[in-house]
Amino acid sequence: CFLVGFALITFTGCGKKAVIPHEEITAIINAKIFDGENLIDSTTVVFQGGFIQAVGGEIPAGATVIDAQGATLMPGLIDSHTHTDIDGLKDALLFGVTTELEMNGNWSLKKRKKISERTDIADLRSPGMGVTPKGGHPTEYAAQNNALMRLFIRFFFPSVETPNDAVKFVDKQIRNGADYIKIFIEDGNYIGFPGLPLLNKETLKAATDEAHRNNKLAIAHVTTLEGGRQAVTAGVDGLAHLFFDQQPDSQFIKDITVSGAFVIPTLVTLSTAFGNDATALAADSRVSSRLDQEWLTSLSRSMNVYPQGKMENVFAAVMALHEAGVDILAGSDVSDPLPILGGLAHGASLHHELQLLVAAGFTPAEALRAATVTPARRFALTDRGRIAPGLRADLVLIDGDPLTNIANTLSINSVWKGGVKLTIQKN
C-alpha cells in the first residue's frame, strides 16, 4: 500500500480496482449510541465516503459490519483549547480527539490544508497569533532564562499598543486564514509572572469589534475575575479559561449570561497550576500505552504556580456558571512537554477534563456535550460534534458505558476520522 492524497490505497491484485477504505460502506451495529446530545434508541450507524449515511435502519448489502455489542459509539471529541503541532495532533487522535481548537499559533494556510486532508491526525482550527501588548502573555514562557529570546521578543514578536494596531493585527490574522480571534488579558500575577503588561480597554474593544466586523468569534484568555469582567464588557464571545483568583459574584454571572459568552474552564490546567499532578492518569494503562515517556513524565509533574488555589472553589464557580445557563466547553490548554507546563498531554488531558467536570457536578452526558455538540455549535463546526446523517464520520467507539462512568471514555476500542479507521499502535 502507499499514500495518495493522504488516503490509504490498498491494491487487491494486478489489474484490479483499488479499494479506498473511506469509500467502503461500514455499518456499526448493536452499539449504545450517544449522538452528542443524548443516548438514542437506534443501535446502528452506517457511513461511507467520510460521512454518516444513516442512523438506524437496514444494513446495506456489502457493508463491512462491526458488532459493537457492549460498547458505546460517540462523536469524535473536540478539545476547545490547545497549543499544538503535528505530533500533538497525532496523539490527540489516538485518544479519540478528532478536532483540536488551537488558541495561539502561526499556522500557514498551506499547512492547514494538508492537515485537513490527513486521516492520521486530528483536524485543526486556529486563530493565528493572539492579540497581546509588547512583552505581554505568552512571551514570558519563551523569554524565560534566555537573553537572546528576550531580545527577539522585544523587537519582533507580534504585538499591539493602540486600537488602530489591534484592527490591523486582527485583519492580518484573518487574511492569513484565522478561524476566530484570540485576545490575551493576563497580568501574570497568578501564573508566576507578576507585572505583565495589559491591553488597555480601548484596544481590547477595538480587537473584539474588528473580529465581529469580520464575522469571527473573539476569545479572551483570562485568569482573573477582573479580566473576565473586562472581556465581557468588551463583548467577547468566550473566555478561554475560568478565572481562579475569586469566585464569580452574582453580577458577573448575570452579565456573562446576558452576554451569551461561553467559558472553556480548562480545569486540568487550573489543577496543575494549583500543584496537582496527573500521575494517576499517566499510570493508567489506557494512557501509558498510547503516550511516549516524555509525555508521561510531563503528566507526572505540575506547574504549581498558584498552590493556594483549591479545586473545590473552581468546581463551585463552573457549576454556578453552568446552572445559570452559560455554555461550558471542554478544553485542556495542553501545549508542549516542558517542565514549566507539566500535568498535561494531548488527547489524554481532554479525558481528564471530562472527569473533572463530572467531579464538579456535571452529569456524564453534560460533560460529553461539552466536548462534542456544544463546541461544534459555538464554533460553527456544522459538520461534526453529533452523530447524524450527512455529518462527518468522526467517531469513537468506547468499551463500556461512559454515561454511567465518565472514566470509561479512556477505554477506546476504535477511532474513525472522516470514515477512516485509525490504526492504534500501542507503546
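A residue is called buried when its relative accessible area is under 20%, exposed when over 50%, and partly exposed in between (1.4 Å probe, protein chains only). The model is predicted: local features need pLDDT of at least 70 and side-chain atom pairs count only at pLDDT 80 or more, while totals for chains, interfaces and linings use all residues. Residues are numbered from 1 along each chain as its sequence is written, and side-chain values use heavy atoms, with hydrogens and water left out.

**Exercise 1.** Classify Tyr306 and Phe244 as buried or exposed, then classify the geometry of their ring pair.

Solution. Step 1: Tyr306 has 10% relative accessibility, so Tyr306 counts as buried. Step 2: Phe244 is also buried, because its relative accessible area is 10%. Step 3: rings of Phe, Tyr and Trp (its six-membered ring) pair if their centres lie within 6.5 Å; planes under 30 degrees apart are stacked, over 60 edge-to-face, and the rest tilted. Step 4: the centres of Phe244 and Tyr306 are 5.2 Å apart and the planes stand at 55°, so this pair is tilted. Step 5: Phe244 sits in the loop between strand S15 (238-239) and helix H8 (250-259), and Tyr306 in the loop between helix H12 (293-299) and H13, 62 residues apart. Helices (H or I, at least four residues) and strands (E, at least two) are DSSP runs, numbered from the N terminus. Step 6: Tyr190, Phe244, Phe274 and Tyr306 form one aromatic cluster.

**Exercise 2.** Determine which parts of the chain the pair of Tyr180 and Phe379 ties together.

Solution. Step 1: the structure holds nine aromatic pairs. Step 2: one of them, Tyr180 with Phe379, is edge-to-face, at 5.1 Å centre to centre and 70° between the planes. Step 3: Tyr180 belongs to the loop between helix H5 (163-175) and strand S13 (181-184), and Phe379 to the loop between helix H16 (373-378) and strand S17 (395-399), so the pair joins parts 199 residues apart in sequence. Step 4: both Tyr180 and Phe379 are buried.

**Exercise 3.** Find how many residues of helix H7 (residues 225-234) are buried, and what they pack against.

Solution. Step 1: seven of the ten residues in H7 are buried, and the helix is mostly covered. Step 2: these are Leu225, Gly227, Gly228, Gln230, Ala231, Val232 and Ala234. Step 3: with contact meaning heavy atoms within 4.5 Å, the buried residues of H7 pack against helix H6 (201-213), strand S14 (218-221), S15 and H8. Step 4: just after H7, Gly235 takes a positive phi of about 95°.
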